Number of protein chains: 2
Amino acid sequence: MNKTQLLNLIKRKRSFLCVGLDTDIRKIPEFLLENDDPIFEFNRHIIDATLPFVISYKPNLAFYEAMGSKGLVSLEKTMNYINNLSEEVFTIADAKRGDIGNSASYYARAFFELMNFDAVTVSPYMGYDSLQPFLAYKDKWAIALALTSNTGSSDFQLLPIKEERNNTEEFAEKFLFEAVLEKASLWENSNRLMFVVGATQGELFKKVRRAAPESFLLVPGVGAQGGSLEQVASLGMTDECGLIVNASRSIIFASGGKDFSEKAAQEAYSTQKEMEQLLINKGIIS
Amino acid sequence: MNKTQLLNLIKRKRSFLCVGLDTDIRKIPEFLLENDDPIFEFNRHIIDATLPFVISYKPNLAFYEAMGSKGLVSLEKTMNYINNLSEEVFTIADAKRGDIGNSASYYARAFFELMNFDAVTVSPYMGYDSLQPFLAYKDKWAIALALTSNTGSSDFQLLPIKEERNNTEEFAEKFLFEAVLEKASLWENSNRLMFVVGATQGELFKKVRRAAPESFLLVPGVGAQGGSLEQVASLGMTDECGLIVNASRSIIFASGGKDFSEKAAQEAYSTQKEMEQLLINKGIIS
């Protein structure tokens, strides 16, 4: 999916909601465990119920890999199901991969070619050549971790970087995550690069937007992790939207009973309504 | 495997060689493609041939994931094969995972419990809580990326960090990778933490050893990538060894013909001989 298609999708659905398919076998409703493939069954119902309100689905690879090769089959079936829906959605493999050369190319092949994801999350720690194999795909996206929503994000992402300005003794004041945003934005094909920025980061969102004014941001941390959608929009929304906001547990595990998909739809619907208003306020839709 | 067992393994095998099972379906000998599971067949032969000379095997997840769920089956079979060998080896899942909370726990479960790996490589970018779920396992290891062997390693790992010393205006001069080494070495259960340091990094190895004097280092980049074993040993070896040096392509693809396992054994043998001498020189074995 290219940028124009993504922007049209946001306008058409009046939403920038991504639902995280963090399908934890220990948390899905018990009655589903009778199925041959409970993970896929759960996903299928969640997708059918929430599709009117969302632009994107984001399976978190950890939950599938924890089931071994069987889990990968569930993921393949889920992606097959999404790719055969009557309408297009933006699919994100939340894999946080980060490797180089051949290995990165093989990861890119796995997610973009085998499973037809639109985007993959990647860790920037290894630098340029760890992202390049992903960015090489036309109409696909790499989403680099920049400023994450967890407490450990301060360990390294908030380390102050000493950067010489024009060979003077004057130093720029910036954090590692700003260096990541600025540097990566200059890389080849960075028009296919998004960044992960946690919804819990508050005022630091301003620095994100200074370093990457136009980039799309994938924002987790709204919902169960306590970030505020309104604050994220006020600090991070661009004239084109520029945001994909993810909620996982607060939607998919809204109920643990027979009504799990119905409750998930209700949660997604109320979030979409909030988003619609934010898009109207910004003049992106009318 | 705990540290004492690992040290005994090194002494017994007179080697600190890890063979990377970067089993690329496009590079394995053509005659193997007739098998139901050519990836596993290749691995099995490589393992049988090289076992006398190595202490560790390191499957690179990218090559298995690129084959979809079928690739994961090949990996599971490979791990099953290794875990049933008559002697113990140290197994590393080269997965470079990095996620938090629940997700990280699920990755840890996948690698440590489902597949019984001894160690997993992880990216440190997300900080403390992205490593903790791995470090929580007794007799298992997390191996954090510190200073990698690729050209992009300079993009962020070599950024200078500005760190106040004792609230004075004096700043410590250090690179991001040094901050990673120092900080991570202070975390809970860091006695189960190793670091990845590329063999191509030359003099920077001294800084690594200043920041993490005793830690075990997993060192890729010898062989196909051009790093020198002798230099790595002279700059990085501790009194206990403290090194696991990996070679992948130079061993497993030493020949593309019927004699692939024989040639792999020859390569592994000659590397082990070099290592034996280095261990003798250091007084670790006699």
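Reader: Hello! I see two chains here. Which rotation superposes chain A on chain B?

Author: Good place to begin, and please keep in mind that this is a predicted model. Two copies of a chain are related by a rotation about an axis and a shift along it. In this case the rotation is 180°, the shift along its axis is 0.0 Å, and chain A lands on chain B with an RMSD of 0.0 Å. That is the relation of a two-fold axis.

Reader: Thanks! How many residues does each chain bring to the contact?

Author: Chain A supplies 47 residues, and chain B supplies 47 residues. On the side of chain A that touches chain B, the elements giving two or more residues include helix 3 (61–65), helix 4 (69–83), strand 3 (90–97) and helix 5 (101–114). Further along chain A, helix 6 (128–135), helix 7 (153–156), strand 6 (160–164) and helix 8 (176–185) also give two or more residues each.

Reader: Which element gives the largest share of that side of chain A?

Author: That is helix 5 of chain A, with seven residues. If you sort the residues on the side of chain A that touches chain B by class, you find 22 nonpolar, 15 polar and 10 charged.

Reader: Why can one say that the copies meet through the same surface?

Author: Compare the interface residues in the two copies: 100% of those in chain A are also interface residues in chain B, so the copies meet through the same surface.

Reader: Now to the strands. In what order do the eight strands of the barrel in chain A run?

Author: Follow them as 1-2-3-4-5-8-9-10 in chain A; the barrel is closed and the pairing is parallel. From one strand to the next, the twist averages 30°. For a close look, take strand 3 of chain A and strand 4 (residues 119–122) of chain A, which run parallel and are joined by three bridges. There, A:Ala93 has A:Val120 in strand 4 of chain A as its bridge partner.

Reader: And what is the strand order in the barrel of chain B?

Author: In chain B, eight strands close into a barrel in the order 1-2-3-4-5-8-9-10, with parallel pairing. The twist there averages 30° from one strand to the next. One residue to look for is B:Ala142, whose bridge partner in strand 8 of chain B is B:Leu193.

Reader: Next, the helices. How do I read a pair of packed ones?

Author: Two packed helices are described by the angle between their axes and the distance between the axes. Start with helix 2 (residues 38–50) of chain A and helix 4 of chain A, whose axes come within 9 Å and cross at roughly 25°. That makes helix 2 of chain A roughly parallel to helix 4 of chain A. Their crossing is right-handed.

Reader: Which residues make the contact between those two helices?

Author: From helix 2 of chain A come A:Ile39, A:Phe40, A:Asn43, A:Arg44 and A:Ile47. Helix 4 of chain A answers with A:Gly71, A:Ser74, A:Lys77, A:Thr78, A:Tyr81 and A:Ile82. By class, this contact has five nonpolar, four polar and two charged residues.

Reader: At what angle do helix 8 and helix 9 of chain B pack?

Author: Helix 8 (residues 176–185) of chain B and helix 9 (residues 204–211) of chain B pack at about 25°, with their axes 9 Å apart. These two helices of chain B are therefore roughly parallel to each other. Their crossing is right-handed. B:Glu178, B:Leu181 and B:Glu182 of helix 8 meet B:Lys207, B:Val208 and B:Ala211 of helix 9. This contact divides into three nonpolar, no polar and three charged residues.

Reader: One last pair: where do helix 5 and helix 6 of chain B meet?

Author: B:Gly101, B:Ala104, B:Ser105 and B:Ala108 in helix 5 touch B:Asp129, B:Ser130, B:Pro133 and B:Phe134 in helix 6. The contact has four nonpolar, three polar and one charged residues. The axes of these two helices of chain B come within 8 Å and cross at roughly 35°, and the crossing is right-handed.

Conventions
Residues are numbered from 1 along each chain as its sequence is written. Chains are lettered from A and ligands numbered from 1 in the order in which they are written. This is a predicted model: local features need pLDDT of at least 70, side-chain atom pairs count only at pLDDT 80 or more; totals for chains, interfaces and linings use all residues. Two residues are in contact if their C-beta atoms, placed from the backbone, lie within 7 Å. Helices (H or I, at least four residues) and strands (E, at least two) are DSSP runs, numbered from the N terminus. Ala, Val, Leu, Ile, Met, Phe, Trp, Tyr, Cys and Pro count as nonpolar, Asp, Glu, Lys and Arg as charged, and the others, Gly among them, as polar. Copies are superposed by least squares on the C-alpha atoms of residues with pLDDT of at least 70 in both. Axes are lines fitted to C-alpha atoms, for helices over the stretch in contact, and angles run from 0 to 180 degrees between N-to-C directions. A crossing is left-handed if the near helix is turned anticlockwise from the far one by less than a right angle, and right-handed if clockwise. Two strands pair if DSSP finds at least two bridges between them. Angles under 35 degrees count as roughly parallel, over 145 as roughly antiparallel, 65 to 115 as roughly perpendicular and the rest as oblique.
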